[in-house]
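Dear colleague,

I am handing over the structure we spoke about, and below it you will find an account of what turned up in it. Please read the two side by side.

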Amino acid sequence: MTETRHFTTSDFDYDLPRELIAQTPLKDRKTSRMMVVHMDSGELEDKHFYDIVDYLHEGDVLVRNNTRVIPARLFGTKEETGAHVELLLLRQEEDDVWECLVGNAHVVKMGTVVSFHDGRLKAQCVGIEDKGLRKMKMLYEGIFNEILDQLGEVPLPPYIKEKLDDPERYQTVYAKIEGSAAAPTAGLHFTPEVFDQLRARGVTVVDVTLHVGLGTFRPMDTEKIEDHEMHAEVYHMPKETADILNKARAEGRRIVAIGTTDVRTLESVWNRFGRFEECSGETRLFIYPGYEYHAVDAILTNFHLPKSTLIMLVSAFAGYDLTMKAYKKAVDEKYRFFSFGDCMLLVHE
């Protein structure tokens with residue numbers, strides 16, 4: 001839905017009581033609440049996630065992001081002074097060089113070495129960027145992923161204060177390709193049984209990969225939307241997925257995206273080629289009202305932070321007024337918000 005109005009970041013603010021921010025996942029993933037947003041009529045339905053099988057039909061193609069969250073948070077000390085330093089690994093750039101978000105970044109200068117767990121792993125600063133970003137070269141002996149599994153922690157978003165008993169609950173059941181600093185949270189509702197039910201209805205399920213990076217953790221700090229710079233995230237679309245999506249598009253069948261990461265992947269590939277192609281790349285695609293969608297017909301997504309790029313993406317799809325109406329209803333009726341929260345399904349009639 002193309003908007004002609006001009007918006008500012010403040011237009012996407014809303015009042016959210018702190019108690020509505022979900023701190024822990026539900027025991028049964030599929031029992032979360034789901035608001036169905038009918039974009040043509042404006043009707044808002046209260047359902048549960050397991051009801052999604054009633055809204056997807058034979059011929060639909062359901063796209064999921066098979067990225068897996070790595071234990072990307074590391075706690076160490078600066079070798080020279082013993083100052084505490086926290087690293088969040090965002091993106092592997094080359095060899096053992098990672099782009100990192102650094103806590104206590106002012107003490108990490110060019111050449112600074114941070115040591116983790118008695119020196120089993122070290123990281124040397126080889127590049128300085130703004131807003132707490134550093135390029136860090138990892139120094140170790142052995143296999144890096146094995147060391148990271150032993151020393152790192154799964155990085156929960158800062159608004160989650162509770163300790164997660166089972167780190168697998170911050171992974172989708174189809175997580176496969178390691179590389180994310182955060183989970184594609186709309187996928188957390190799915191269970192193998194729900195996928196079985198959908199396939200039995202004639203829904204085709206395909207995978208893409210987008211490794212979630214800094215955009216999940218960084219709030220917008222510009223009032224003028226156009227001034228915001230998106231952080232680059234790496235994506236991949238396999239040939240099998242591209243072929244199935246092109247056939248569906250040619251035959252007029254719906255493409256349903258699980259989450260905003262899938263939306264950005266699908267739209268990025270379409271904008272690049274004018275169709276779906278096997279490819280890999282980086283995307284900085286920023287979707288906000290005024291954007292014209294080409295690759296997505298329906299979206300399942302969680303409820304997002306005020307003034308975030310993600311609520312803007314939803315508004316560009318469903319329209320600003322309907323989106324804010326849905327968010328007001330979600331607050332009034334005490335839906336659970338953010339990563340471990342409830343979801344909304346945006347569909348045409």
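Is the crossing of helix 5 and helix 6 left-handed or right-handed? In this model, which is a predicted one, the crossing of these two helices is right-handed. The axes of helix 5 (residues 309-318) and helix 6 (residues 320-332) come within 7 Å and cross at roughly 125°, and because angles from 65 to 115 degrees count as roughly perpendicular and those over 145 as roughly antiparallel, helix 5 is oblique to helix 6. On the side of helix 5 the contact is made by Ile311, Val314, Ser315 and Ala318, which meet Tyr320, Leu322, Thr323, Met324 and Tyr327 of helix 6.

Turning to helix 1 (residues 144-151), its buried residues are Phe144, Ile147, Leu148 and Leu151. Viewed down the axis of helix 1, these buried residues fall within an arc of 100°, so they line one face of the helix. The buried residues of helix 1 pack against several strands, namely strand 5 (73-78), strand 6 (84-94), strand 7 (97-103), strand 9 (121-128) and strand 10 (133-140).

One loop residue may also be noted. Aspartate 221 lies in the loop between strand 12 (204-210) and strand 13 (233-237), and it is exposed, with a relative accessible area of 53%, where the cut-off for exposed is over 50%. Between aspartate 221 and proline 184 there are 23 Å in space, C-alpha to C-alpha, and the two are 37 residues apart in sequence.

Terms used:
Residues are numbered from 1 along each chain as its sequence is written. This is a predicted model: local features need pLDDT of at least 70, side-chain atom pairs count only at pLDDT 80 or more; totals for chains, interfaces and linings use all residues. Side-chain values use heavy atoms; hydrogens and water are left out. Buried means under 20% relative accessible area, exposed over 50%, partly exposed in between (1.4 Å probe, protein chains only). Helices (H or I, at least four residues) and strands (E, at least two) are DSSP runs, numbered from the N terminus. The arc is that of the directions from the helix axis to the C-beta atoms. Contact means heavy atoms within 4.5 Å. Axes are lines fitted to C-alpha atoms, for helices over the stretch in contact, and angles run from 0 to 180 degrees between N-to-C directions. Angles under 35 degrees count as roughly parallel, over 145 as roughly antiparallel, 65 to 115 as roughly perpendicular and the rest as oblique. A crossing is left-handed if the near helix is turned anticlockwise from the far one by less than a right angle, and right-handed if clockwise.
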